[in-house]
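Trainee: I am new to this structure and would like to learn how to read its strands and its ligand site. May we go through them in turn?

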Amino acid sequence: MTDTLTDKQKFPLKLSEPCPMVRMAGVRKCYGDLVVLDDLDLDIAANETVSIIGPSGSGKTTVLRVLMTLEEINGGVVYVDGEPLTHMDKNGQLVPASTKHQRKQRSNIGMVFQHFNLFPHMSALENCMEAPVQVLGLSKAEAKDRAEGLLDMVGLADKMGEHPLRLSGGQQQRVAIARALAMRPKVMLFDEVTSALDPEVIGEVLSVIRKLSEEFSLTMVMVTHQMGFAREISDRVCFFDNGSIAEMGEPEQIFTEPQNPRTQQFLSAVL
Ligand code: ADP
């Protein structure tokens, strides 16, 4: 695999210039023979909101999983806030960053999944306190204060003691957002967070995300099928096709004047 990599994939960029909040350079990700991300370059500035759209199977979720260090990459380099997620060993092979380094990196990044992934045996409040206590070393009192503030912010002040199964899908997803925010991440990743929800509760989750984009200094990357929402809140929209970026631009340009025939085709099928 390594001998097929380009120089850019083998040799991490020198970070002499200011690094954006997220930089993916020459990223390659394969599952066996299947190349899922192919020489992917993507820079995302601090406080920017970027939506990733595109056909199913084009690699959108894989981008988020790579950023969350849930997947190892086969080439290229990823920086989050100037820190590489991988490094080169003395033989010039790319190796994943150490577990300790990954844990630190992961706490800079919050991810919200399609299927909530809450701890079922814990209340909403306990779900939001767990990682700040276990990973950041906050006292229980500090973590509780923080969790209460965030659950209030997502409109769940009256549901803090409830366990996930007693909450609606929309409420569970709002707990998941509060839980991710409790780590004070620099980057928030949203992976099709409304796909598993009933239509009538999608709006309440989108309005929490809208509030985050307006009121918090967060860098947000969102994989979504909600084209109207992507158009409304994104600074840039990235159209993915076959493991690479086919087109990227401001929402108005992408949605009203897509240049790439694949973007045109995709949008005319989904809009
Ligand atoms: P998208 O989010 O655009 O639908 P994904 O990033 O989930 O696409 O998947 C991209 C491709 O990688 C798909 O062909 C998918 O089947 C494949 N894939 C994803 N995860 C795995 C895995 N763990 N093992 C093998 N193939 C995978």
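Mentor: Let us begin with a definition: two strands pair if DSSP finds at least two bridges between them. Please keep in mind that this is a predicted model.

Trainee: How many bridges join β11 to strand β12, and in which direction do they run?

Mentor: Five bridges join β11 to β12 (residues 244–249), and the two run antiparallel.

Trainee: Which strand is joined to β11 by four bridges?

Mentor: That is strand β3 (residues 49–53), which runs parallel to β11. Here Ile53 has Phe239 of β11 as its bridge partner.

Trainee: Why is β11 described as largely enclosed by the rest of the structure?

Mentor: A residue counts as buried when its relative accessible area is under 20%. Five of the six residues of β11 (residues 236–241) are buried, so the strand is largely enclosed.

Trainee: Which residues surround the ligand?

Mentor: Among them are Leu34, Val36, Pro55, Ser58 and Thr61. The shell divides into four nonpolar, six polar and one charged residue. Helix α2 (60–67) and strand β2 (34–44) each supply at least two residues, and α2 gives the most, with three.

Trainee: What lies 2.8 Å from an oxygen atom of the ligand?

Mentor: An N or O atom in the side chain of Lys60 does. The protein buries 58% of the 570 Å² that the ligand exposes when taken alone. A backbone N or O atom of Gly57 lies 2.7 Å from a ligand oxygen atom.

Conventions
Residues numbered from 1 in each chain as written. Predicted model: local features only at pLDDT ≥ 70, side-chain atom pairs only at ≥ 80, totals over all residues. Heavy atoms only, no water. Buried < 20%, exposed > 50% of the residue type's maximum accessible area, 1.4 Å probe, protein only. Near = heavy atom within 4 Å. Polar contact = N/O pair within 3.5 Å; in protein donor to acceptor, adjacent residues only side chain to side chain. Areas by Shrake-Rupley, 256 points an atom, 1.4 Å probe, with all protein chains shown as cover. Nonpolar A, V, L, I, M, F, W, Y, C, P; charged D, E, K, R; others polar.
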